[in-house]
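Open the model in your viewer and keep the selection tool at hand.

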Amino acid sequence: MNTNRWSRLFAWQRKIKNADEDENKGQESSKTKKEETPKINWKEWVVDPSEEFYYTWLQIMILPICYNWVIIICRTCFYTIEEAYLATWLTLDYICDLVFVLDTVIGFRTGFLEQGILVRDLSLLKMRYLRSSRFKWDIVSLLPTDLLYLKLGIHTPLVRINRFMRTGRMNEALDRMETRTAYPNTFRVAKLMLYIFVLIHWNACIYFSLSNYIGFGADPWVYPNISDPEFASTRRQYFYCFWFSTLILTTVGDTPTPECEEEYLFLIADMLIAVLVFASVVGSMGDVISSLRNRDNVFFPNHELVKGYLRSRRISKELQKRVNDWYQHLHINKKITRENEILQHLPITLQTATAVSVHLPTLSKVTIFQNCEKSLLEQLVLKLTPQVYSPGEYVCKKGDVGHEMYIIKEGKLAVVADDGVTQFAVLGDGNFFGEISILNIKGNKSGNRRTANIRSIGYSDLFSLSKEDLTETLLEYPAAKRLLEEKGRQILTKMGMLEETDEVEGEVEKTEDKVTRLDACLETLQTKLARLIAELESSARKMMHRVEQLELQTEGWEGFVAEGAQGEIEEWGKVKEREIGDGEGEGEGEREGEKEDEEESVVEGERGEGDGGEERLGEKKKVGGNEISEKEKEEREEELIKTETHQDQKRDEN
């Protein structure tokens, strides 16, 4: 008995312990669940335009907008529908108004991208929404025009026509759906058919209202008499009017001939609409779709091909979502990544001008380009390639081979550790990186490998410049190249990736080369100087020799002029007269003899001067019976000196 009692007691205690443990486990699990599901702070709640919630909300907004576009005109023209379902229409009207109010609230809390990062400051979001044109149309669509029911009556739904001002949200929703759907061509056709349906619907309602104004059954053109049971039902009335409107707008069937002015005017308007809309849109629907597709392919990458490839290769949905988000970001923010292909048909001057006007604000923020020449910027803008990176995506990783450098146009990027979490620095607009791996800095231990991990914080727009283009450009701009290399050396020194010994040896070698080159230049200059001095001395000696000869020739001029100048002049005149008279009858032989005598006299005179200068220049000399004056001799000597001096100058110049 006692053992059974004790066994029961122990079993009861074990049950209590197990129950306590189960309760503790349940409490812990509930606590973990509460911790896993964070609470939403509605006061600071902000809508991200790229998230799924915003896309879903836009799809919801299509319903009230389409409701107003279709139902208001239908209720206004088909009064039996308005009277039969008044309570339903009023309920749907105010539900749509409530959706419009919620859409306005969401507009105040819709974030936007600034530098690639979502802005969550409510005051900035409020100011941006209030200053936008969308806010004006939203306020107009929410005006309480329903108060006109008190004056015009409850069966006048046309007072709600201001609700049409929300059509812009429908266009935004359709554009988002077109970028995300896997079959964009089919979606474009469906969107066109929706517009055609709304057009035919409005035309049908106006046709029924016109028939009511003219009189039902008044002629074969208008709607038949509604007293006829066959045409009395509301459903029959709408279908008949829709069919008749389709016949008119598509011009595919015969319609009765109009009989009054109102009918003619209505038919003329419909025919014009049919010509303008269906002949230009529906008739060339294939061309429109292809042109839209070609235009998108020019401005943006071909999304359809990528989607088809991902589906055929059965890529994971997570990766497909990343690709779709990237394409959606490009379409929403109108970012073009194929600018060079678009501008390639322009002349090079217009390409440069257009690229500079677009990218100059970005390049002016880059420190190495702020004080550079304009020609450098013009060369760089044509070689820059725009790239867009998604949040969390690595631009480059440590250890990768570097083939290009990057310039940040918009957005923020973080320099992170190998774990991908620790941030060393944040780069913003105008910063550049990646130049270390493509500058070939001497002493760089990593070679052309990346030295850091760069990751995009939000959506980032970058310009990439390849190694070949940068090297080719910096050859003509050494100042910018030195600045880049100096900054690279500073970064490598801080990271301990620069070999100091190699750099010093390289500098010493450079100095020795400079000294050797200067010595060679100095030797060349000394040789040239010695040659010039020798030529100068030779010219001086020759000039001194000529001066001495002239001094010897001019020693006896003063006595000659004082003593026998007059007699010499008379004799010289007689000689001249005899030469003139004899020259008329003498032959060529006598003249040659005179020339030979003159030459001999000149030679003898020169010899006399060289021997001692005893004979005076003023004395007459007879050689072969001919007399030569000292004046003529002096003139010949001066001509000879001038000729020799001219030859010496030419030789010195050579």
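For sorting residues, Ala, Val, Leu, Ile, Met, Phe, Trp, Tyr, Cys and Pro count as nonpolar, Asp, Glu, Lys and Arg as charged, and the others, Gly among them, as polar. This is a predicted model, in which local features need pLDDT of at least 70, side-chain atom pairs count only at pLDDT 80 or more, and totals for chains, interfaces and linings use all residues. Residues are numbered from 1 along each chain as its sequence is written, and side-chain values use heavy atoms, with hydrogens and water left out.

**Stop 1: the second largest pocket**

Select V415, I436, T451, A452 and I491. Of the 29 lining residues, these are the closest to the centre of the second largest pocket. Its volume is about 640 Å³. A pocket here is an open set of points on a 1 Å grid over the protein atoms alone, where a 1.4 Å probe fits, with protein on both sides within 12 Å along at least five of seven lines; lining residues have an atom within 4 Å of a point. Grid points are joined across faces, edges and corners, and the volume is the space filled by probe spheres set on them.

Now colour the lining by type: 13 nonpolar, 8 polar and 8 charged. Which element gives the most to this lining? Select α19: it supplies 5 residues. Other elements that give two or more include β6 (413–416) and β7 (423–427). Helices (H or I, at least four residues) and strands (E, at least two) are DSSP runs, numbered from the N terminus.

**Stop 2: the salt-bridge network**

Select R75, E82, D93, D97, D146, R160 and R163. Salt bridges link them in a network. A salt bridge is a side-chain nitrogen of Lys or Arg within 4 Å of a carboxyl oxygen of Asp or Glu. By this rule the count comes to 18.

Zoom to R75 and E82. Their closest N and O atoms are 2.7 Å apart. R75 is buried at 2% relative accessibility, and E82 is buried, also at 2%. Buried means under 20% relative accessible area, exposed over 50%, partly exposed in between (1.4 Å probe, protein chains only).

Next, D93 and R160: the gap is 3.6 Å between closest N and O atoms. D93 sits in helix α4 (residues 86–108) and R160 in the loop between α7 and α8, so this pair ties together parts 67 residues apart in sequence. Both are buried.

Finish at R163 and D146, whose closest N and O atoms are 3.9 Å apart. R163 is in the loop between α7 and α8, D146 in the loop between α6 and α7, 17 residues apart. R163 is buried at 4%; D146 is buried at 11%.
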